[in-house]
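Open the model in your viewer and keep the selection tool at hand. The stops below say what to pick next and what is found there.

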Amino acid sequence: MKREFQQALAAKGRDRLPNVLLVSAECAPISKTGGLADVVGTLPKSLAALGIDARVITPYHRCVKDRYHDQVEHMFSFSVDLGWRSQYCGIERLVLDGVTIYLVDNEYYFGDRIYRGGMAEGEQYAFFTRAVLDAIPNLGFFPDILHCNDWHTAMIPVLLRTQYGLYVHGKMKTLLTIHNIAYQGKFGFDFFADMLRVDERYYTSEFLELNGCAAFLKGGCVFADRLSTVSPSYAAEICTPYYGEGLEGILNARRAQLSGIINGIDTKVFNPFSDPLIAKTYDRGHLKGKQACKEALMLEMGLHAGPRTPLIAMVTRMTGQKGFDLVERVLDEMMGLDICFLLLGSGEWQYEQFMREAEERHRGRLCAYIGYNEELSHRVYAGADMLLMPSRFEPCGLSQMIAMRYGTLPIVRETGGLRDTVKPYNMYTGEGNGFSFANYNAHEMKATVEMAVNVYRGQPDAWLALQKQAMSEDFSFARSAGDYARLYIEML
Ligand code: ADP
Ligand code: GLC
């Protein structure tokens, strides 16, 4: 064990590192809609390297059952009380890459969709909340720290403190990590009273109430022992009205207990030197393979252009958060810069439709692949020259880090984790690992894209230096895992 941890533990009168149970709606590689899954899938491995036994509890979604049912071992089952209902709950165990994952099974709640939307999603995760709390004493693994993630698990600290205090659970400490404050799990208070037996006295603005509803996430912000989010900049931002989505008051009040710990990526999965999914491997000393990846990708996606035409990509959920309003406004103007554009994404209908129509207008130069495709994403990160990420807000963002690892320079708005990971190109000193702009403004974005395109075309040496700098960054989870370990120990 690291000396630093030994000393910190000794100061607390402890001699062993804390056991951690990560609670999450999704976990890569078994279930994933976005970066949350990557974080929950990667963090336990990096914590294990520090000697911390960190396990995961997550729903046994249909997609997990289809792929892993042969490797899963049934542990036990019980009934979960949800209002007047009593529902079956099975606990299964899967060990993947050395990490133990407990799976909460109920085919009605965890069917085809990880997130069912609306009230159905509320019920799905109210069930999960109760199931996790009731399963813990029988797991044969007692967590010192319950590490909850996002609104789907944010009522766990509330119930733990208000309903389970006298049980063995009373000893556990809770950390709530906010990956995205825009999703809050807001429902009428009746829902909370019915599903989770929350007492009416908690329906005040001091506790669960938010704009006439009650919110899972607010409950977690009030009751969790510690709070964190996924970058230092976002931690500061969510304490302001613009980014705080109504929770800035409670977050300001708890500022001293709110940390910002930047995410990392799985540098084994995302490694241009050994990635089996890309056309040709390469590293920062030999970037020739990247050109081969670009050619293969262009061919695959039906894009035609000369070798010095920059290929700008987006790999993203298509929501307002990701800056599609800016893209809509100036995409045609950007195409006038003589570029190729590739989108891999899915999400809100109006953005998907816009991109499909743009593909019609710019056939051969612009490709919109609407859908979710993990394998293709590797080829895009490897084959593109630039990755565009003009987010309105971005708690951390993983795509820009993955892109940099593949020598694909990010063009981002300076917000949240994008600000903390992308250093804009300085034409005087040559420093930087990407390009950035400050305001949420379409023409500011376009001007930055134009600048990147000019460097790409006009200054190949400067471009190569930037690529090498980007590829030299350490985006592994190792550093952040140390920060989490320190925080867990502090919480004991
Ligand atoms: P968010 O979690 O807000 O969606 P992040 O940048 O943190 O954003 O993480 C997104 C993750 O999901 C990245 O690993 C990215 O490669 C992946 N991803 C997003 N959209 C797609 C898609 N359509 N196909 C494949 N992977 C995708
Ligand atoms: C959320 C955020 C994203 C972050 C991810 C993992 O989905 O939108 O910025 O990287 O969670 O923490």
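A crossing of two helices is called right-handed if the near helix is turned clockwise from the far one by less than a right angle, and left-handed if anticlockwise. Keep in mind throughout that this is a predicted model.

**Stop 1: two crossing helices**

Select residues 324-335, helix α12, together with residues 442-458, helix α17. Their axes come within 9 Å and cross at roughly 40 degrees. That angle makes α12 oblique to α17, and the crossing is right-handed.

Now show the side chains where the two helices meet. On the α12 side, pick Leu326, Val327, Arg329, Val330, Glu333 and Met334. Their counterparts in α17 are Ala442, His443, Met445, Lys446 and Val449. What is the make-up of this contact between α12 and α17, in nonpolar, polar and charged residues? The contact residues divide into 7 nonpolar, 1 polar and 3 charged.

**Stop 2**

Side chains of opposite charge can pair when their charged atoms come close. The structure holds 28 salt bridges; this stop and the next ones visit some of them.

Select glutamate 4 and arginine 486, which form a salt bridge with the closest N and O atoms 2.4 Å apart. Glutamate 4 sits in helix α1 (residues 3-11) and arginine 486 in helix α19 (residues 478-491), so the pair links distant parts of the chain, 482 residues apart. Glutamate 4 is partly exposed, at 33% relative accessible area. Arginine 486 is also partly exposed, at 32%.

Is arginine 3 buried or exposed? Its relative accessibility is 61%, and it therefore counts as exposed.

**Stop 3: lysine 45 and its partners**

Move to lysine 45 in helix α2 (residues 35-49). Lysine 45 is partly exposed, with a relative accessible area of 30%.

Select aspartate 97 next; its side chain meets that of lysine 45 in a salt bridge at 3.2 Å, N to O. Aspartate 97 lies in the loop between β4 (85-96) and β5 (99-105), so this pair ties together parts that are 52 residues apart in sequence. Aspartate 97 is exposed, at 62% relative accessible area.

Then select aspartate 266, whose side chain forms a salt bridge with lysine 45, also at 3.2 Å from N to O. Aspartate 266 is in the loop between β12 (258-260) and α11 (288-301), so its pairing with lysine 45 in helix α2 joins parts that are 221 residues apart in sequence. Aspartate 266 counts as buried, at 16% relative accessibility.

For a set of linked salt bridges, select Arg62, Lys65, Asp66, Asp105 and Glu107: bridges that share partners join these residues into one network.

**Stop 4: an enclosed helix**

Finish with residues 216-223, helix α7. How many of the 8 residues of helix α7 are buried? The count is 8 of the 8, so the helix is largely enclosed by the rest of the structure. To go through them in turn, pick Phe216, Leu217, Lys218, Gly219, Gly220, Cys221, Val222 and Phe223.

Definitions and conventions. Residues numbered from 1 in each chain as written. Chains lettered and ligands numbered in written order. Predicted model: local features only at pLDDT ≥ 70, side-chain atom pairs only at ≥ 80, totals over all residues. Heavy atoms only, no water. Axes fitted to C-alpha atoms, helices over the stretch in contact; angles between N-to-C directions. Helix = DSSP H or I, 4+ residues; strand = E, 2+ residues; numbered from the N terminus. Parallel < 35°, antiparallel > 145°, perpendicular 65-115°, else oblique. Contact = heavy atoms within 4.5 Å. Nonpolar A, V, L, I, M, F, W, Y, C, P; charged D, E, K, R; others polar. Salt bridge = Lys/Arg side-chain N within 4 Å of Asp/Glu carboxyl O. Buried < 20%, exposed > 50% of the residue type's maximum accessible area, 1.4 Å probe, protein only.
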